[in-house]
Amino acid sequence: MDDIIREGNPTLRARAQKVTFPLTAEIKTLAQEMMEFLENSQNPELAEKYKLRAGVGLAAPQVDKSLRMTAVLVPGEEGQPAIFKHVLINPTILSESVQMIALSEGEGCLSVDREVPGYVPRHDKIKLRWYDLDGQEHIERLKDYPAIVVQHEIDHLNGILFYDHINKDNPFATTDDMLLLE
Ligand SMILES: Cc1nc(NNC(=O)[C@H](CC2CCCC2)CN(O)CO)c(F)c(N2CCN3CCOC[C@@H]3C2)n1
Ligand code: NI
């Protein structure tokens with residue numbers, strides 16, 4: 001897994017390019033490496049051994065590839081299958097709920113080496129369309145945690161970082177109907 005780029009690298013603020021099919025071998029390899037990184041980062045032994053920060057998502061721009069591709073690995077309970085494990089190519093949010101939600105702990109980012117406290121308001125439900133490595137179209141409705149992760153990743157494809165959404169005047173401001181996810 002090549003190095004993850006940090007704030008200041010212009011690639012993080014660029015709009016990533018759509019991926020064209022058929023995928024090159026290079027892009028297929030990149031997709032596999034991104035998912036492998038997430039798997040390793042969620043394995044306590046490997047994360048320790050390779051000094052990896054844990055991740056549930058990784059977007060291609062974070063490894064300096066300005067492509068509309070992201071790997072997402074939202075684990076299930078111990079020993080259960082993952083809740084959402086996909087490489088999303090050219091993902092699009094087709095619709096989004098009025099209902100907003102935020103992680104009560106705020107968010108972090110593997111490309112941001114500092115704590116930025118505050119709620120990151122996101123849509124609680126999204127209807128997501130993406131293409132898989134074989135070019136097959138998928139459409140799924142996501143809610144709560146998986147929806148939050150996917151929105152964080154799609155933001156990266158549009159040059160948006162999580163703290164862009166934090167209220168400058170009151171980082172922990174909540175609208176009365178905003179859900180908080182523990
Ligand atoms: C919420 C969380 N964020 C972790 N890190 N940040 C990330 O993933 C960034 C993306 C997430 C930040 C908020 C929404 C998306 C990476 N990003 O920058 C990509 O754009 C975690 F690591 C984590 N978990 C819970 C599940 N646990 C399973 C066992 O292994 C440890 C793992 C820890 N939950
Ligand atoms: Ni991130």
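A: **Around the annotated site**

UniProt positions follow the numbering used here, with shortened feature names, and annotations may be inferred rather than shown by experiment. Please keep in mind that this is a predicted model, in which local features need pLDDT of at least 70 and side-chain atom pairs pLDDT 80 or more, while totals for chains, interfaces and linings use all residues. Residues are numbered from 1 along each chain as its sequence is written, chains are lettered from A and ligands numbered from 1 in written order, and side-chain values use heavy atoms, without hydrogens or water.

Glu 153 sits in helix α3 (helices are DSSP runs of H or I with at least four residues, numbered from the N terminus). Its relative accessible area is 4%, so Glu 153 is buried (under 20%, with a 1.4 Å probe and protein chains only). Leaving out residues up to four places away in sequence, Glu 153 is in contact (heavy atoms within 4.5 Å) with Gly 57, Leu 58, Ala 59, Gln 62, Thr 70 and Val 72.

The unreviewed entry also has a "binding site" annotation, and this covers Cys 109, His 152 and His 156. These residues span 48 residues in sequence, yet no two of their C-alpha atoms are more than 10.1 Å apart, so they gather at one spot. From this set, Cys 109, His 152 and His 156 belong to the lining of the largest pocket (on a 1 Å grid, an open set of points with protein on both sides within 12 Å along at least five of seven lines; lining residues have an atom within 4 Å of a point).

His 152 belongs to helix α3, which runs over residues 144-157, and His 152 is buried at 11% relative accessible area. Beyond its neighbours within four places in sequence, His 152 meets Glu 107, Gly 108, Cys 109, Arg 122 and Phe 162. With one of these, Glu 107, the side chain of His 152 makes a polar contact of 2.9 Å (N or O atoms within 3.5 Å; within protein, one able to donate a hydrogen and the other to accept it, and sequence-adjacent residues count only through side-chain atoms).

His 156 is in helix α3 too and is buried, with a relative accessibility of 1%. Again setting aside residues up to four places away, His 156 touches Leu 12, Ala 14, Ala 59, Pro 61, Gln 62, Cys 109 and Leu 161. The side chains of His 156 and His 152 are linked to each other by a polar contact of 3.3 Å.

Now for ligand 1, which is surrounded by 17 residues (a heavy atom within 4 Å). The closest are Val 56, Gln 62, Leu 110, Glu 153 and His 156. At Ala 54, a polar backbone atom lies 3.1 Å from a nitrogen atom of ligand 1. Taken alone, ligand 1 exposes 670 Å², and the protein buries 76% of that (Shrake-Rupley areas, 1.4 Å probe).

Note on methods. On a 1 Å grid over the protein atoms alone, a cavity is a set of points where a 1.4 Å probe fits but cannot get out, and a pocket is an open set with protein on both sides within 12 Å along at least five of seven lines; lining residues have an atom within 4 Å of a point. Helices (H or I, at least four residues) and strands (E, at least two) are DSSP runs, numbered from the N terminus. Buried means under 20% relative accessible area, exposed over 50%, partly exposed in between (1.4 Å probe, protein chains only).
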